[in-house]
Amino acid sequence: MSDGQGAGDTALQAYGVGVRYRRGWALRNCSFRLPAGRICGLVGPNGAGKTTLLGIAANVLEPTEGALRVFGAAPDSAEAGRRTAFLAQEKPLYRRFTVAETLRLGRELNPGWDQRAAEAVVRAGNVPLDAKVGTLSGGQRTRVAFALAFGKRPDLLLLDEPMSDLDPVVRHELMGTLMAEAAERGTTVLMSTHVLAELENVCDYLVVIASGTLRLAGDVDELLAVHRLVTGVREGEGLPAGLAQHTVVEARATGRQFTALVRSDGPVTGPWETATPTMEELLLAHLRSAEAPALITPTAQVHGSRAVAA
């Protein structure tokens, strides 16, 4: 199963991945490629399939259909397990262990363990090493869970809403630690989050899922470059005829004023203002417009992907 891209430069590859539960499909026909060394935001509303996708990559779930590869290996392989760390939303830790015992467990289970890196994350939050995990606050437990993930020194770090219980100051600090780790070691990060503004200065890659299907995937710069935010005055009902040649992702009107996010098929010209959207504007428009055609940029495409190329 190959699309001509080497496993060495690809951290994660999904081939028509789908997961079906009794209530229906949680994820369906998901195909994309995440190049190694990228910081990727995994975005979508609650129940979109983000946690399901992360669970497959972390070997917590098995797909009903399709396959997923981590650096070319199956998620249940020793190779993938050695190179991957997963921080789940609930951050399971042994409550009766002390912080020091928790880090010791990480050291004994992971041959490449970095005790200094793990302790640095804990000490930065003034978390006592002799404290029982069960006595820690939610934010402190999150810090210990991060320490376990960083101490493993993974090549692929999977994060499922990792900072939802942290205050803004601690979120900012841990995000800085995450970015420094990724920059220093070339770690690939796939991070699910609802805080869209948090992604703006962090992520250089995006995967957007809505209603269990892939909506967007690819390099942030490439995704932004093919979209334009258009604002102007309506002269009648509906959008101006001049926008008909472009794919309109979303259009909103307030009185006579309209704003539209369009996927440009050439220059967007007319009696209106155009600008490159911010990442947040791009994401919100696509999340609100499930009927817009999917867009997978060339760097994110895999063999057999049915989505439209940029």
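**Briefing on the predicted model**

The lining of the second largest pocket consists of four nonpolar, eight polar and four charged residues. The model described here is a predicted one, and the protein in it has nine helices and 15 strands. With a radius of gyration of 21 Å, close to the 19 Å that the globule rule gives for 310 residues, the protein is as compact as a globular protein of that length.

**Overall dimensions and burial**

- The C-alpha trace of the protein spans about 70 × 45 × 40 Å along its principal axes.
- Of the 310 residues in the protein, 48% are buried, where buried stands for a relative accessible area under 20%.

- The largest pocket holds about 690 Å³ of space, and of the 26 residues that line it, Ala85, Phe86, Asn110, Leu148 and Lys152 are the closest to its centre.
- Four elements, namely α2 (78-83), β5 (84-87), α3 (99-109) and α5 (138-151), each contribute at least two residues to the lining of the largest pocket.
- By residue class, the lining of the largest pocket divides into 18 nonpolar, six polar and two charged residues.
- The second largest pocket holds about 170 Å³ of space, and its lining comprises 16 residues, of which Asn46, Gly47, Ala48, Lys50 and Thr51 are the closest to the centre.
- Helix α1 (residues 50-57) gives the most to the lining of the second largest pocket, supplying three residues.

**Helix α9**

- In helix α9, which covers residues 279-288, the buried residues are Met279, Leu282, Leu283, Ala285 and His286.
- These buried residues fall within an arc of 165° when α9 is seen down its axis, so they line one face of the helix.
- As background to such a pattern, an α-helix has 3.6 residues a turn, so residues three or four places apart point the same way.

**Cysteines**

- The count of disulfides comes to zero, the criterion being a pair of cysteine sulfur atoms within 2.5 Å.
- Cysteine 40 takes part in no disulfide, because the nearest cysteine sulfur, which belongs to cysteine 203, is 6.8 Å away and a disulfide needs the two sulfur atoms within 2.5 Å.
- Cysteine 203 is likewise in no disulfide, the nearest cysteine sulfur to it being that of cysteine 40, at 6.8 Å.
- Cysteine 40 counts as buried, at 0% relative accessibility, and cysteine 203 is buried with a relative accessible area of 7%.

**Residues with positive phi**

- In general, most residues other than glycine have a negative phi.
- Phenylalanine 71, a residue other than glycine, has a positive phi near 50°; its place is in the loop between β4 (65-70) and α2, where phenylalanine 71 is buried with a relative accessible area of 9%.
- Asparagine 126 is not a glycine either, yet its phi is positive at about 55°; asparagine 126 lies in the loop between α4 (115-124) and α5, and with a relative accessible area of 66% it is exposed, since exposed applies over 50%.

**Buried residues in loops**

- Proline 154 sits in the loop between α5 and β6 (156-160) and counts as buried, at 2% relative accessibility.
- Although proline 154 and arginine 82 are 72 residues apart along the chain, their C-alpha atoms are separated by 7.3 Å.
- Leucine 166 belongs to the loop between β6 and α6 (168-185), and with a relative accessible area of 9% leucine 166 is buried.
- From C-alpha to C-alpha, leucine 166 and glutamine 140 are 8.8 Å apart in space, while in sequence they are 26 residues apart.
- Threonine 193 is located in the loop between β7 (188-192) and α7 (196-199), and it counts as buried at 3% relative accessibility.

Conventions: Residues numbered from 1 in each chain as written. Predicted model: local features only at pLDDT ≥ 70, side-chain atom pairs only at ≥ 80, totals over all residues. Heavy atoms only, no water. Buried < 20%, exposed > 50% of the residue type's maximum accessible area, 1.4 Å probe, protein only. Arc of directions from axis to C-beta. 1 Å grid on protein atoms, 1.4 Å probe; cavity = no way out; pocket = protein on both sides within 12 Å on 5 of 7 lines; lining within 4 Å. Points joined across faces, edges and corners; volume = space filled by probe spheres on them. Nonpolar A, V, L, I, M, F, W, Y, C, P; charged D, E, K, R; others polar. Rg over C-alpha atoms; globule rule 2.2 N^0.38 Å.
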